[in-house]
Amino acid sequence: MEHVHLITLSDRASRGEYQDQSTPLLTAWLEGQGVRTVSTALMPDDPSLLEADLRHAVAQGVPLVLTCGGTGFGLRDTTPEASRRVIEREAPGICELIRAKGGHPLAFASRAVCGIAGRTVILNLSGRPAAALEQIQLAWPLLVHGVAVLRKEAAAGGPCT
């Protein structure tokens, strides 16, 4: 995969009160998978800012956008709602896999969504660095396949299509 855009949502980290640990962890892992470009954004839990960044990434033709944070039950956890306003077609199986196979007992409390906007796949990940890493590791084979088929970089018609 050529390019992944990673958006980290954290009120405290965006104000400099907390060191963002998710972005460097996920960036290193993605680069280890051969991703050539990992662009990043750090922003507060603001749905309008997230929606604008998602729309910009889709307009730029980024193959995969990952969000990190804002998927819980907190009042400012609105990442799934902002993502749904951009997503045109949902891909619920990816988040179902993450919830089912996630190693933490609270994995099922995630409200994360995954879907397609244009030729871009969008996936919400947890704000906890270790959980986000586990989630991308679980989803990666499906994401690589989905992006390749969506962008016609692989033959369609396999058992999943």
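**Helix packing in the predicted model**

In this predicted model, the buried residues (under 20% relative accessible area, 1.4 Å probe, protein chains only) of helix 4, which spans residues 79-86, are Thr79, Pro80, Ala82, Ser83 and Val86. These residues lie on the same side of helix 4 because they cover an arc of only 165° around the axis, taken from the directions from the helix axis to the C-beta atoms. They pack against strand 1 (3-9), helix 3 (47-59), strand 3 (64-68), strand 5 (114-117) and strand 6 (120-125), with contact meaning heavy atoms within 4.5 Å. Helices (H or I, at least four residues) and strands (E, at least two) are DSSP runs, numbered from the N terminus.

Helix 6 (residues 129-150) is approached by helix 2 (residues 22-32), their axes coming within 9 Å and crossing at roughly 25°. Helix 2 is therefore roughly parallel to helix 6, a term for angles under 35 degrees. On the helix 2 side, Ser22, Leu25, Leu26, Trp29 and Leu30 meet residues of helix 6 that include Leu133, Ile136 and Trp140. By class, this contact of helix 2 with helix 6 has 10 nonpolar, 2 polar and no charged residues.

The axes of helix 5 (residues 92-101) and helix 6 also come within 9 Å, and cross at roughly 145°. Ile94, Leu97, Ile98 and Lys101 of helix 5 make the contact with Gln135, Leu138, Ala139, Leu142 and Leu143 of helix 6.

Residues are numbered from 1 along each chain as its sequence is written, and side-chain values use heavy atoms, without hydrogens and water. Local features need pLDDT of at least 70 and side-chain atom pairs count only at pLDDT 80 or more, whereas totals for chains, interfaces and linings use all residues.

Conventions: Buried means under 20% relative accessible area, exposed over 50%, partly exposed in between (1.4 Å probe, protein chains only). Axes are lines fitted to C-alpha atoms, for helices over the stretch in contact, and angles run from 0 to 180 degrees between N-to-C directions. Angles under 35 degrees count as roughly parallel, over 145 as roughly antiparallel, 65 to 115 as roughly perpendicular and the rest as oblique. Ala, Val, Leu, Ile, Met, Phe, Trp, Tyr, Cys and Pro count as nonpolar, Asp, Glu, Lys and Arg as charged, and the others, Gly among them, as polar.
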